[in-house]
Amino acid sequence: MEQNKVIQHFAKQADDYEKLMTRLVPQYLEQHQIIYTLLPNEDRHYRVLDLGCGNGILSELVFQKLPCSYIVGFDLTENMLKAYGQKLSQYSGSFELKQGDFRTDPIGDRYDIIIVGLTLHHLNWEERERFYKILFSSLNYGGFFIARDIIIDENKDVMEDQYGYWKEFMKSKGEDPDLWYSKHIEKDHPMTLSDHFRWLEQAGFSKIACQWRLYNFAITTAQRKN
Ligand SMILES: C[S@@+](CC[C@H](N)C(=O)[O-])C[C@H]1O[C@@H](n2cnc3c(N)ncnc32)[C@H](O)[C@@H]1O
C-alpha cells in the first residue's frame, strides 16, 4: 500500500482507535497485560522507542510500569501523534514525538527498549532484512525488543483456518469480516514466525521467543546481547 493510503487509513481511525482495535484484534486488551509483564521489572531511566506508536497505547503501558522512562513515539500519521499527545499529556516532558516513515527516515538510536505494535506488517519483503538490522543497531547492548503483530502460520491450511477464526471473531464484534480481510490482504505483508525469527537472528538478536499467540496474532521478544 502506498504511504499516503496508509496515512489516510490511520488518520480516519485516530479518534476511536482503541475501541476499533478491540473489535478487530482478538484479545487486544488482554495482550496489554502480557506486554506489561514482559517489560523489565526494575524501573530505570530507560530510553524507549515506540515504533508505529499510534495513539500511544503501548507507551502508556511503559509509563505505567517504568515511569522513569523517556519515550520516543514514532509514527507516520499526524492525527495519531495528536491523539498520543492528548492521551499521554500527564507524561509530557518524558516523551517526544517524531513524524516519519520508518522505512526511509532515521528512527534514532541508543534505545534500551524498542516496542513495536501491529506495525511491522507494513514492511514489504525487500525492506525486512535491512530494517531488522536497523532495529538491532538502534538498541544498546542488553537492549530489549518486543513486537506484537500479525503472524501467519507456515502451513497454508492452518493459515486459512486461522484467518477463518479471525473473521468469526470480527463478525461476533459486529464488524464486516470480508471488508477487513480484503483490506489486510491489499495493504499488509504478514510474516510467518519462522520468517520473523530468521530475520531477527540474521540481524544479531538472541533470546528470540514467541511469548503469546492466538490465530494470526503473536507477541514476540528478543534481545541485543552485544
Ligand atoms: C495499527 S496501528 C498500531 C498502534 C499501536 N502501536 C498498537 O499496538 O495498537 C499502526 C501504526 O503504524 C503507523 N505506521 C504505518 N506505517 C508506518 C511507517 N511506514 N512509518 C511509521 N509509522 C507507520 C500508522 O500510522 C499507525 O499509527
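**Close-up 1. Helices α7 and α8 where they cross, in a predicted model.** Here we look at α7, which runs over residues 156-172, and α8, which covers residues 177-187. Their axes come within 9 Å, and the crossing angle is roughly 130°. Angles over 145 degrees would count as roughly antiparallel and 65 to 115 as roughly perpendicular, so α7 and α8 end up described as oblique to each other. As for handedness, α7 passes α8 in a right-handed crossing.

**Close-up 2. The residues around the ligand.** A shell of 22 residues surrounds the ligand. If you want to find your bearings, look for Tyr 17, Tyr 28, Gly 52, Asp 75 and Thr 77, which are the closest. Sorted by class, the shell holds 11 nonpolar residues, 7 polar ones and 4 charged ones.

Close-up 3. With Arg 148 we switch to the side chain, where a polar atom lies 3.1 Å from a ligand oxygen. Which elements give two or more residues to the shell around the ligand? They are α1 (3-13) and α4 (57-65).

Definitions and conventions
Residues are numbered from 1 along each chain as its sequence is written. This is a predicted model: local features need pLDDT of at least 70, side-chain atom pairs count only at pLDDT 80 or more; totals for chains, interfaces and linings use all residues. Side-chain values use heavy atoms; hydrogens and water are left out. A residue is near a molecule or strand if one of its heavy atoms lies within 4 Å of it. A polar contact is a pair of N or O atoms within 3.5 Å; within protein, one must be able to donate a hydrogen and the other to accept it, and residues adjacent in sequence count only if both atoms are side-chain atoms. Helices (H or I, at least four residues) and strands (E, at least two) are DSSP runs, numbered from the N terminus. Ala, Val, Leu, Ile, Met, Phe, Trp, Tyr, Cys and Pro count as nonpolar, Asp, Glu, Lys and Arg as charged, and the others, Gly among them, as polar. Axes are lines fitted to C-alpha atoms, for helices over the stretch in contact, and angles run from 0 to 180 degrees between N-to-C directions. Angles under 35 degrees count as roughly parallel, over 145 as roughly antiparallel, 65 to 115 as roughly perpendicular and the rest as oblique. A crossing is left-handed if the near helix is turned anticlockwise from the far one by less than a right angle, and right-handed if clockwise.
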